[in-house]
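Please examine the chain below from its overall architecture down to individual residues.

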Amino acid sequence: MFEMEKKLNGYVLTTAEILYHLPDYPEFLQTYIWQDYDLDPKYPTLKKFLDFWEKELDGRLHSVRFASNKLIYPNELRFTDGEYKLH
């Protein structure tokens, strides 16, 4: 699905800041930034990613903060004056 198509279907740009413990030095925290289009308010794509992280990766999760942008701004929609005909 293309970016605008996702937005029109209810997806929102979601950014998550993930803090996790380093596997070899668990007293230290590392930051990972994740960004993708997801459905508000349940965020299934982010949940799927975090489930994968907990099952497959060694760094134990410390905390997750996320934000999303629901707006489609006027400068993202453009109308054309031309017309293209194919066959």
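Among contacts in the chain (heavy atoms within 4.5 Å) between residues at least 6 apart in sequence, 58% join residues at least 24 apart. The model is a predicted one, in which local features need pLDDT of at least 70 and side-chain atom pairs count only at pLDDT 80 or more, while totals for chains, interfaces and linings use all residues. Residues are numbered from 1 along each chain as its sequence is written, and side-chain values use heavy atoms, with hydrogens and water left out.

Two helices and three strands are present in the chain; these are DSSP runs numbered from the N terminus, helices being H or I of at least four residues and strands E of at least two. Read from the N terminus, the order of elements is α-β-β-α-β. Of the 87 residues of the chain, 21% count as buried, where buried means under 20% relative accessible area, exposed over 50%, and partly exposed in between (1.4 Å probe, protein chains only). The chain exposes about 7,400 Å², of which carbon and sulfur atoms supply 54%; accessible areas come from the Shrake-Rupley method with a 1.4 Å probe, and for residues only the protein chains shown count as cover.

The three strands form an open sheet with the order β2-β1-β3 and antiparallel pairing, two strands being paired if DSSP finds at least two bridges between them. The edge strands, each pairing on one side only, are β2 (29–39) and β3 (61–69). From one strand to the next, the twist averages 20°. Strand β1 (residues 11–21) is joined to β3 by eight bridges, and the two run antiparallel. Within β3, Leu61 stands opposite Tyr20.

Helix α2 (residues 44–56) lies across β1, β2 and β3 and runs at about 145° to β2. Such angles run from 0 to 180 degrees between N-to-C directions, with axes fitted as lines to C-alpha atoms, for helices over the stretch in contact.

In soluble globular proteins, nonpolar side chains tend to be buried together. Here the largest nonpolar core has eleven residues, among them Val12, Ile18, Trp34, Phe49 and Leu61. A nonpolar core is a set of buried Ala, Val, Leu, Ile, Met, Phe, Trp, Tyr and Cys residues joined through side-chain atoms within 4.5 Å. Leu61 touches Ile18, Leu19, Tyr20, His21, Leu50, Trp53 and Glu54, not counting residues up to four places away in sequence.

Strand β1 also holds Thr14. Is Thr14 buried or exposed? Thr14 is buried, with a relative accessible area of 0%. Apart from neighbours within four places in sequence, its contacts include Trp34, Asp36, Tyr43 and Phe66.

Tyr43 leads on to the loop between β2 and α2, where this residue is located. Most residues other than glycine have a negative phi, and most peptide bonds are trans. Tyr43, although not a glycine, has a positive phi of about 50°. With a relative accessibility of 9%, Tyr43 counts as buried, and the nonpolar core includes Tyr43 as well.

Pro41 is found in the loop between β2 and α2. The peptide bond that joins Asp40 and Pro41 is cis, with omega about 15°. Pro41 is exposed, its relative accessible area being 64%. The C-alpha atoms of Pro41 and Ser68 are separated by 9.8 Å, although the two residues are 27 apart along the chain.
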